[in-house]
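Colleague: Could you walk me through this model and show me how to read its features one by one?

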Amino acid sequence: MSRDVNLEKKLRRRALILGLSKSFLSLLIFGKLFYLQILQKSKYGKLSDINRLKVKILYPERGTIFDFYDQPIASNKTDYQLSIFKDKKNLINKYILKLNGHIEFSKKDLQDIKVNLSEQDLSDFIIIKKSLTWNELEFLEFMKNKFPFLIITKERVRNYKNDLIFSHVLGYVGYKREIEKKKLSNLKYGISGIEKKLDSKLLGSDGWIKFETNSKGEIKKEIKKKNAIPGGNIKTFLIGEIQEKAYEEMKGISGAVVMIDCINGGVNCLVSSPSFNNNEFSDGVSVEKWNSLLDDKFNPLLNRCVAGLYSPGSTYKLIAALHAIENLNYNKNRKFFCSGHVKLGKRKFHCWKKEGHGEVNLFEAIKKSCDCYFYNLAKELKVDDLAEFSKIFSLGKSTGIDIPNELNGLMPDSLWKIKNRGEKWQKGETFNTVIGQGFMLSTPLQISVMTARIATGKKILPSVVYKNRKFEDLQINKNNLNFIKKSMYSVVNEINGTAFSSKLSGIQKMAGKTGTSQVRKISLEERERKDGVIKNEDLVYKLRDHSIFTCYAPFDKPKFAMTVVAEHMGSGSKVAAPIAKRVMQLALKKYL
Amino acid sequence: MSELIIKFKNLNWFFIFLVGFLSFVGLVMIYSATFGEESNILISHVYKIIFGFSLMILFGLVEIEFWKKNAYIFYFIGLVLLIIASFYGYLGKGARRWINFYGINFQPSEIMKIFLIVSLAKFFDEKKMHEPRDYLFLFVPLTLVVIPFILILIQPDLGTAMLILFVSVVIFFISGITFKFFGILGLLSLIITPYLWGGLKEYQKQRILTLFDPENDPLGSGYHIIQSQIAVGSGGTFGKGWTKGTQSHLDFLPEKHTDFIFSMLGEEFGFFGTISVVGLICLITYMAYYITGRFVHDNFNRIVGYGVITNFFFASFINMSMVIGILPIVGLPLPLVSYGGSSMLTYFIGFGIILSLDRKIKFN
């Protein structure tokens, strides 16, 4: 019996142990729940939000750039892009393999993915492929279930009306990779041209959208959104048709065409040739392509209009002559005999015309572009005064145009010579300067501004972006200006003028000045050899003279001032003037 | 007839209310789990609750002697069904656990737990262990346990197999088997375990291994544990609100209407909700304990009572522990709350037995 009592006690004890252990297990659960739900609430709350909430950055649509007649020359196109959830980036390689054959990933695409992966960005998505084709979109739509965590987004990206024609003036857009820890890895900034200069206006500001997604990578709903604000539009003075015509005319020629409106200073045309494809650049150009452009001996990346430096050649004679009559009381009827050269000490200075022009006055010297006359003129003037006067016409200093990377050119004077060459100014150097050779360098834009200021007597300032402006007077005697203008008229319209062959056919008259920019020094031996100076055509391309022509029209009421530079194309009358004539004719016919 | 009415009146209605409340919680959670989806799960669940509830009342009215008398027969039937299920059954989710019975999928391993409990109780009731040589007879109950255990393990259904083992150990313990015997048994299983481990499927091994380092492989087996803990933790004190759980409704939480229903409860009703359910389970367990504890002299009733309630409590404990990261994910539903017919019916039958025991005490 006692045994039964003992057993009973034992069984009761065991039931108690069982009950106690269950209580202990319950406490264990209680403890863990307390830990998870009370102590670690914020941690797990955050984790659950990270799971479901995905932020996508909304990129602003870049402002449109219009030409003077409100035709868009830089607008935007729709681009479908494929992105993957950032927290699923380990799927990228697998997906690329699986998508292969249906969606092509170029070397550049793979490179871009690498860059995107390394970048810290606020977005919860990583772009893995841009510019999806319709076939690719269709395939992805059809195979959606096989590729969770991929999303297709519709973006608006830069698109230029024309691949090549506006590239230098408008520039292009691209990423700024150098900015550390930037928030917006897919935002393109203006890299050159108008795009760079007016970037802040064109850019707009970004927004974001917060999605709720499920575990299968499907977007369930939109939680919150801040819209992107599109960039502002910009109107320019450029005239699409003139720009296109000028580009057409420059095909196969390295050089520049700049046209300025003489009334408002607007740049109607700014063509640099050869050009590059700014659409291709904006999409992101490959390293190979970039290197090949850098190595291109014709240097297509250089904007010759504002950064190409040329001796202005005989076009500068206009300023030398104006300086003489305006400031030195020079008698414009004074005559000199041109025998083909002028002696200064032991040195001989040659006229471009070997047999000489005979007896010429200042007017004829400009018309025929006689170098000897100007050598004689040079004997009477000081280079420092000439340099000072030239600055009024924006030579040797930048015009302040609203596109980046404009160069100052070079207007040499005695101080410059000492500073840069450590030598005193030589009289012979003044001889070279008055005919626009020697040290002097200017850009096609500067020559255009010079012409526009001669044509109007006003301080014309060039601007690509549309602005309403009035210009101050240059304070130069009207009679003197008229003398120069008339001589320019004779260059084009009189039979002995150097650009007579480029005379306009209609009622409107054009005034201009040819120039030949020497690239090499002609040696004494060469001049004295039997055949004379080597003909331009016989020289190596790189050593041939540049052909320059600057002009304005109509003569009686100046509207368009234009400069054409055709590199290594010989004398100004041969190549530059006919191009200018054709472009000017179009401008006068349709846009006067 | 009037005898039946008296029996009916004598049922422990408070206990029935508690059980009913727990299944109501299940209904509420199943509603949320299927919210916004086209599915007949909710309706099916309602039918199962009604059917299970009726079964509980029915077995509450059946005398406990019915079980004692037929224990071994039931065990035999259960074993046959189990063999059919394990070898010829319907294959689903990589396991062979179901028998298709006139269009209804039925899981014999669940009901086998009840049959095993009553069989063990019958054995220990009849065999009193007094002499050391009596322990040789323990070969019989050990066999009763090991056969279904192995059959269920190879299905594979790790959760139910472990549960059967736990419940059996508790029955041995409650029957007064000496610690010496447990020592020998423990030693024996230590020797057998490596062989058992070798016999486990790779995914089962993986499930157990991830318990120790769930963060290591966030997209593999550990993913579910992490997501489940995030769901529970993010619920905070009062939860995100009914049907408002983001982890559950955006499918970060797997199997939200079955194994992980407690996580969804934690997410939508917070600490307040989880603690209430834990409390309810403890209260049901305590009441069943109280009832069972009064059978001092009747070994069968005592063992059946403790067995049934241990089955319920351990199943609840294992389910809740696995979804909050105390135990590995073994795949076991939360009694009366999770969706799933066979398991729910088994627990209802179990509570019917408790009701029957309670009635017997009142009658005495």
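Modeller: Gladly; we will go from the whole chains to their contact and then to local details. This is a predicted model, so a few ground rules come along: local features need pLDDT of at least 70, side-chain atom pairs count only at pLDDT 80 or more, and totals for chains, interfaces and linings use all residues. Residues are numbered from 1 along each chain as its sequence is written, while chains are lettered from A and ligands numbered from 1 in the order in which they are written.

Colleague: Let us begin with overall form. How many helices and strands does chain B have, and what is its radius of gyration?

Modeller: Helices (H or I, at least four residues) and strands (E, at least two) are DSSP runs, numbered from the N terminus. Chain B has 14 helices and three strands. The radius of gyration is taken over C-alpha atoms, and the globule rule is 2.2 Å times the number of residues to the power 0.38. For the 364 residues of chain B the rule gives 21 Å, and the chain has a radius of gyration of 21 Å, so chain B is as compact as a globular protein of that length. Its C-alpha trace spans about 60 × 55 × 40 Å along the principal axes.

Colleague: And what does the rule give for chain A?

Modeller: A compact globule of 592 residues would come out near 25 Å, but chain A has 36 Å. The C-alpha trace of chain A spans about 155 × 50 × 45 Å along its principal axes. Chain A holds 22 helices and 19 strands. It is divided into domain 1 (2-39), domain 2 (54-234) and domain 3 (240-591), with bounds that come from an automatic or database domain assignment. The centres of domain 1 and domain 3 of chain A, taken over C-alpha atoms, are 104 Å apart.

Colleague: What share of each chain is buried?

Modeller: A residue is buried if 20 or more other C-beta atoms lie within 10 Å of its own, exposed if 12 or fewer, and partly exposed in between, with C-beta atoms placed from the backbone. By that count, 49% of the 364 residues in chain B are buried, and 41% of the 592 residues in chain A.

Colleague: Now the contact between the chains. How many residues take part on each side?

Modeller: Two residues are in contact if their C-beta atoms, placed from the backbone, lie within 7 Å. Here 36 residues of chain B are in contact with 33 residues of chain A. On the chain B side, helices H7 (158-174), H10 (222-235), H11 (246-249), H12 (261-293) and H13 (299-323) each supply at least two residues. H12(B) gives the most, with ten residues. By class, this side of chain B has 20 nonpolar, 15 polar and one charged residues. In that scheme Ala, Val, Leu, Ile, Met, Phe, Trp, Tyr, Cys and Pro are nonpolar, Asp, Glu, Lys and Arg are charged, and the others, Gly among them, are polar.

Colleague: How about backbone details? Where are cis peptide bonds found?

Modeller: One joins A:Ser273 and A:Pro274, with omega about -5 degrees; A:Pro274 lies in the loop between strand E12 (267-273) and helix H10 (278-283) of chain A. Another joins A:Ala553 and A:Pro554, with omega about -10 degrees. A:Pro554 lies in the loop between strands E18 (546-553) and E19 (560-566) of chain A.

Colleague: Last, a helix. Where does H8(B) bend?

Modeller: The bend at a residue is the angle between axes fitted to the seven residues ending there and the seven starting there. H8(B) bends by about 40 degrees at B:Ile192, and a proline, B:Pro194, follows within four residues. Of the 21 residues of H8(B), the number buried is zero, so the helix lies largely in the open.
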